[in-house]
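The entries follow in the order I made them.

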Amino acid sequence: MTLSNIKKWLWSAKVLTTIVWIIFPLGYITITTTIDIWNRSLNVFDPYAGFYLPYPHYTHAPPPFSIGIPPIVLLTVLFPFAVFPAVYPCEKFFRKRGEENAVFEYQYIKKILYISIVVLIIIIISLYYINSRTQTNRELSEFSDKYGPVTAVLYDIAFMLPAVPIFILVKLLLEHARKQFRFNFAKVCFKIIDETKSETDKAEHLILGLDWYNKFVKRVTKSGIDVETIYSKIISHSQLSNNILLNIITDSFNDRDELKPMRQMLSLLSSWKEGATLLKESLRTKIRESSDLLIPIVSVIITVIATFFVNPD
């Protein structure tokens with residue numbers, strides 16, 4: 001494998017995203033917790049120090065109200081990858097990152113976001129359960145001996161893991177903040193449709209491309225397109241590998257006029273039903289679409305508060 005092939009492989013969406021957002025955080029957390037366990041086994045500090053809060057390690061009982069901050073190394077590495085999309089104009093970002101890489105990375109990183117939030121919630125619930133049992137079993141030293149090290153490790157993880165969903169949210173919010181990101185994302189989806197051979201992949205990227213272009217239109221015109229009708233008509237017309245309706249829309253993205261696809265879609269809609277125009281968004285639709293990132297944001301805020309602001313008493 002040549003150097004250029006290795007670089008291309010490392011720069012691919014799945015590999016780079018896996019290394020930065022999964023392998024590095026897990027490796028860092030594993031090393032940190034291992035060192036913590038080793039220090040405890042050597043009695044470097046009071047074995048109960050950090051029982052409730054590992055950062056910093058106290059040689060006495062932790063204060064009743066404490067704030068934990070993830071290690072600076074983890075924050076320093078994740079920060080550049082989070083703000084990378086905002087450094088360049090959208091079109092240049094897609095070109096530098098690789099058009100298909102940018103689309104696949106967005107989908108992949110959202111899965112990591114949801115998984116990390118679920119793991120964090122499970123850890124927090126486990127900590128509160130163990131702490132509640134410890135509070136009611138203070139006189140039973142065997143209970144503390146059994147769950148003390150586990151609790152310490154869980155707290156180590158709980159105070160470092162939030163860095164992953166927090167910086168992923170920063171990355172996604174920076175991308176969502178720019179309307180051109182929506183257009184470029186949709187454009188690449190239709191490019192992938194044109195290049196892939198799988199009918200399933202074509203159908204998946206068709207609805208993805210229509211949704212993202214609709215988000216762009218809504219940002220520009222405050223009204224949307226009936227993409228559900230367009231999708232159903234295209235998908236039922238013929239195979240996507242040789243679909244005239246799909247080709248019309250795909251070709252419209254090759255024009256520098258960013259609203260040309262909208263006009264083509266409205267033209268198709270008008271041939272299927274009378275009075276095809278842009279649609280005003282209902283409140284229900286706005287809430288449903290905003291939940292795309294709203295739910296993860298609320299979840300992260302709650303878990304961060306529950307993790308960083310701890311009252312061990």
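I count a residue as buried under 20% relative accessible area, as exposed over 50%, and as partly exposed in between (1.4 Å probe, protein chains only). By that rule Asp255, at 32% relative accessibility, is partly exposed.

The model is predicted, so local features need pLDDT of at least 70, side-chain atom pairs count only at pLDDT 80 or more, and totals for chains, interfaces and linings use all residues. Residues are numbered from 1 along each chain as its sequence is written, and side-chain values use heavy atoms, without hydrogens and water.

Entry: salt bridges. I took a salt bridge as a side-chain nitrogen of Lys or Arg within 4 Å of a carboxyl oxygen of Asp or Glu. I got six of them. Asp255 pairs with Lys260, with the closest N and O atoms 3.6 Å apart; Lys260 is partly exposed at 28%. Asp257 and Arg263 meet at 2.0 Å, N to O.

Entry: helix pair. I took helices as DSSP runs (H or I, at least four residues), numbered from the N terminus. I fitted axes as lines to C-alpha atoms over the stretch in contact, with angles from 0 to 180 degrees between N-to-C directions. The axes of α10 (residues 227-237) and α11 (residues 244-252) come within 8 Å and cross at roughly 130°. Contact (heavy atoms within 4.5 Å) involves Ile230, Lys233, Ile234 and His237 of α10 and Leu245, Leu246 and Ile249 of α11.

How values were computed: Helices (H or I, at least four residues) and strands (E, at least two) are DSSP runs, numbered from the N terminus.
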